[in-house]
Every structure is written in structure tokens, then in C-alpha cells.
Amino acid sequence: MKITLTPTIEQVINKLESAGFEAFVVGGCVRDSLLGKRPHDWDVCTDALPAQVISCFNGWPVIETGLKHGTVTVIIQGFPVEITTYRTESGYSDARRPDQVTFVRKLEEDLGRRDFTINAMAYHPRKGLKDLFGGQEDLHRGIIRCVGSARRRFEEDALRILRALRFASVFGFSLEKETAQAVNLCKERLAMIAPERIRTELDQMLCGQGVLDILLAYSPVLQVILPEIGEMRGFEQRSPYHVYDIWEHTARSTASVQAQRILRLTMLLHDIGKPSCFTEEGGEGHFYGHDRKSAQMAGEILRRLKYDNETLEKVVQLVGRHGDCFPAQPVPIKRRLNRMGEEQFWRLLEVKRADILAQAPDKQPLRLAQLEEIRFVLQKLLAEKECFSRKELRVSGTDLIDIGIPQGPKIGELLSDLLEKVIEEELPNEKQALLNYVRELSK
Ligand code: ATP
Ligand code: MG
């Protein structure tokens, strides 16, 4: 088994070795290389103590941020490389960060403190692969397995519970039996994890290829961080449009949308308000107002998980509009382009498509065809550079000043009025026609 290291990493290993230390690449980069993927970064571990690492790279830019935990970041030809001293950890009173880090002499001890077998392998260009826990076999079999007792590992650090689900989703793997049982047994400890850390894992988990299986198999675990989904599980919709309960519909629509963070979050939350909007008429279920309710709840959830405002606003808008029905005609489409912007409107179409793909199969063809028509009209509008924002309006503030409109708020109001009339196709987007209209108004 040969892994090709980058020249920079080779250089780091050689440098440590020529100073008399050991050095290996370790963790995610070994795992990704064995999977045939290019690692997004390389971590090096060594028996050199942090101060020794620093003096070894004397003259190179060094960041000492993780020093307490034994990590020194060296910037080599612009690339940051993390070099961490072999260590063990003990005492996890906050279920997250070790109270104490102990530097150790042996690579084996360092590998033993790592979370999963697939993450606990080290590699050296001449010494080869160090795989003490069967990580390579688990990679081949598609299994996430804790190093050592799963229960103890999750009790030490509850974030590992979400990491297990995240890696399983990203690689399309499943959890080994003992690890799966321990995930369920220890799930309540997730309540102790900081929202920022939950968010990072959730984002990656949602974008994974195996997200459907994870959402379906581990919803009680997710419920610890998103109590709102408890109501969705097993909630029958009693509608000809639906064959799945609300949670399964949610899971399937999440897996059906492109693997982009905003889209996946939107699908996860798009029906979260449904249970509280349920009414029944003549044996048929309805969820009037559920998009607005879901948007409000999505906002609360994303705020709670400390998402940035931009993500929050985009997701909330899409959740709130996911049920928006409009014909495949230029005017309604231009109105929405104006209100949402082009990027969000494209997302909305994706959201609607994913929603349909998780509905009753017999209802899909017609709805998908309607969506295709909207897409067709949209593409045409964009290709023809039709006007839906001030950018395309053929008249600017300066043009209005030139025909004698005094500077001030009036200019903005007139431009808004013109834009609306152009979008509604009450006026053509032609300079003279627009100026004539303004002249008429100001008479
Ligand atoms: P990626 O960077 O692709 O998300 P990774 O495996 O590199 O995956 P990191 O969070 O960068 O994950 O951590 C690097 C390594 O440190 C892991 O491969 C694992 O060996 C170890 N590790 C990280 N977090 C934990 C943890 N919570 N408990 C135990 N070991 C961990
Ligand atoms: Mg990493």
C-alpha cells in the first residue's frame, strides 16, 4: 500500500527525522488517500515535543495556537501543516474537551486515542501503513467503528456521536453494531455539545451521499439536537400527494436535493411546522400555513445552532416559499426574480423539485413537468436579458435628473414605480417610453 505524499509533507517528515525524531502522516489524510481521494489537508504526528518541533522549523513561520494540546502549525510554501506531538487524553468532564493532554513517546498510544478505526491509521513513506485497529478493512467493508469501547469513547466525547453519523453519511458507510448501539445509548450527552460544533457536523452530514439512511436510522439521535423532529416521525399525512410520513418525506427530499448546504438545510426544515398545522377535512389531511410556520421554526432552529445570518435568511426564505404556486409565465416569474434574486429563485426551483421527488409517485410526472416549464421560461427570460431588477432597467437616476426631476427620494420612488410597471409588462423597457411616462406623471 503506497500513499503519495506531497513534496511539502515529505520535507516536513525528513526535517523531523534528520533532527532525530519520528514522524508520520495520520488521520483523515491517510483515510482519504486509501479511499482514492485527495486529502484536503495533511496532519503530521511526531514524538518531538512542541518546543522541539518549533526549534526544528526555526526560521519558518509558525503558529502556536494549539500548543497546549501539542499542535504546532508550520507554514511551508504558503501551506499550513499541523504537526502534533503523540499524545493521550484524559478526563472529559465537559463531554467534549479533554481536561488533560499527556504527551507520549509511542505512535501506538496516539493512535489509540483517536475516534474511529478509519481515522486511526498512520503512514510513513518507508515504514508503510500503521493500522493497529483494522481501519483498512473497515474502509473496505464500509464500516464506522470506534477504537476501543464505543460506549466509553462516546462518554468521553459526545461530539464523536455526530462525527460517526457524519462520516457514515459522507462515505455512505454504516455503523458497526456496537458503535450503533452506543450511539443510541449515549445520545443524550449531545445536549452538552456547543452549537457551533453541532452545526459543523450537521452541515457535513446533510451533504453526505448516505444522508437518507442516516436520517431514517438515527432520527432519535438527531432529535436530541433538533427536538422539533420528534413530532414528524410517524406523522401520517393522509393526503393523496403523500405516501410517506412527514419525517420520511423530509429525509427523502433532503437526499433528493443537490448536495449544497443551503439546499439540504432547507429540505431538512421545509416541513418542520407541519405537525402543528394539521387539520382533517372529509378524511383528508391538510397543513394550511405550514410553510410560514416552518419558516418561523427554521429561523429559531438556525439561530439556536448559531448559523450565520446569510445562511439563516436564505434558508428561511426558501422554507417559507417552498409551497409557492405560480404559472410558467413571464410576469409571475419576473416578480419572484425581483423579490428573491436570481440565485435564490434557482434554489427555489431545486427545492420544489426535491419536494416533489419525495411525494406520491403517481403525482410526480405532472408536477415535475410544470416545474420544467417554469425552468424553460426562466432560462428564456435570462437569455433575453429581460428586466426584473434596476440593473436591467433602461433608465437610471441620472436620466431622471437630466429630464428635470430634482435630486432626492423622489428619484428612487420613480425608479421603483418604473421597474414595477416594466415587470408587470405595463410599460416596455425602452428609455424613451419610460422617460415619456415620467414626463406625463410630472406634468
Ligand atoms: P476531515 O478533516 O475530513 O473532516 P479528519 O478525520 O481529518 O476529517 P479532523 O477533525 O480534522 O478529522 O481530525 C483529525 C484526526 O484527529 C481524525 O482523523 C481523528 O484521528 C482525530 N480526531 C478528531 N476529532 C476527534 C475526536 N473528537 N475524538 C478522537 N479523535 C479525534
Ligand atoms: Mg482533517
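User: What is the relative accessible area of glutamate 425?

Analyst: As a general idea, a residue is called buried under 20% relative accessible area, exposed over 50%, and partly exposed in between (1.4 Å probe, protein chains only). In this predicted model, glutamate 425 has a relative accessible area of 48%, so it is partly exposed.

User: Where is the place of glutamate 425?

Analyst: Helices (H or I, at least four residues) and strands (E, at least two) are DSSP runs, numbered from the N terminus. Glutamate 425 is in the loop between helix 20 (409–423) and helix 21 (431–441). Its phi is positive, about 60°, although glutamate 425 is not a glycine.

User: Which conventions should I keep in mind while reading?

Analyst: Residues are numbered from 1 along each chain as its sequence is written, while chains are lettered from A and ligands numbered from 1 in the order in which they are written. Because the model is predicted, local features need pLDDT of at least 70 and side-chain atom pairs count only at pLDDT 80 or more, whereas totals for chains, interfaces and linings use all residues; side-chain values use heavy atoms, with hydrogens and water left out.

User: What is the phi of lysine 306?

Analyst: Lysine 306 has a positive phi of about 65°, although lysine 306 is not a glycine. This residue lies in the loop between helix 14 and helix 15. With a relative accessible area of 45%, lysine 306 is partly exposed.

User: Is leucine 305 counted as buried or exposed?

Analyst: Leucine 305 has 4% relative accessibility and therefore counts as buried. Leucine 305 also has its place in a loop, the one between helix 14 (290–304) and helix 15 (309–321).

User: Which residues does leucine 305 touch?

Analyst: Contact means heavy atoms within 4.5 Å. Not counting residues up to four places away in sequence, leucine 305 touches Pro195, Ile198, Arg199, Leu202 and Leu226.

User: Into which domains is the protein chain divided?

Analyst: Domain bounds come from an automatic or database domain assignment. Here the division gives domain 1 (1–141), domain 2 (145–221) and domain 3 (390–442). Between the C-alpha centres of domain 1 and domain 3 there are 63 Å.

User: How many residues has the largest nonpolar core?

Analyst: A nonpolar core is a set of buried Ala, Val, Leu, Ile, Met, Phe, Trp, Tyr and Cys residues joined through side-chain atoms within 4.5 Å. The largest one in this structure has 100 residues, and those with the most contacts inside it are Leu16, Val25, Phe154 and Phe345. Helix 7 (residues 159–171) gives the most to this core, namely eight residues. Since domain 1 (1–141) and domain 2 (145–221) both contribute residues, this core lies between them. Another core lies apart from it and has 17 residues, including Leu415, Leu418, Ile423 and Leu434.

User: Which residues does leucine 16 touch?

Analyst: Setting aside residues up to four places away in sequence, leucine 16 touches Phe21, Ala23, Val44, Thr46, Ala48, Val53, Cys56, Phe57 and Ile83.

User: How many residues surround ligand 1?

Analyst: A residue is near a molecule if one of its heavy atoms lies within 4 Å of it. Ligand 1 is surrounded by 15 residues, and the closest are Arg31, His40, Asp157, Arg160 and Arg166.

User: Which polar pairs involve ligand 1?

Analyst: A polar side-chain atom of aspartate 157 lies 2.8 Å from a nitrogen atom of ligand 1. A polar backbone atom of aspartate 115 is 3.2 Å from a nitrogen atom of the ligand. A backbone N or O atom of glycine 28 lies 3.3 Å from an oxygen atom of ligand 1. On its own, ligand 1 has 580 Å² of accessible area (Shrake-Rupley method, 1.4 Å probe), and the protein covers 78% of that area.

User: Is arginine 166 counted as buried or exposed?

Analyst: Arginine 166 counts as buried, at 10% relative accessibility. Arginine 166 lies in helix 7. Leaving aside its neighbours within four places in sequence, arginine 166 is in contact with Glu201, Gln204 and Met205.

User: Where is the place of arginine 375?

Analyst: Arginine 375 is in helix 18 (residues 364–383). Its relative accessibility is 17%, so arginine 375 counts as buried. Apart from neighbours within four places in sequence, arginine 375 is in contact with Trp346, Leu349, Glu350 and Arg353.

How values were computed. Polar contact = N/O pair within 3.5 Å; in protein donor to acceptor, adjacent residues only side chain to side chain.
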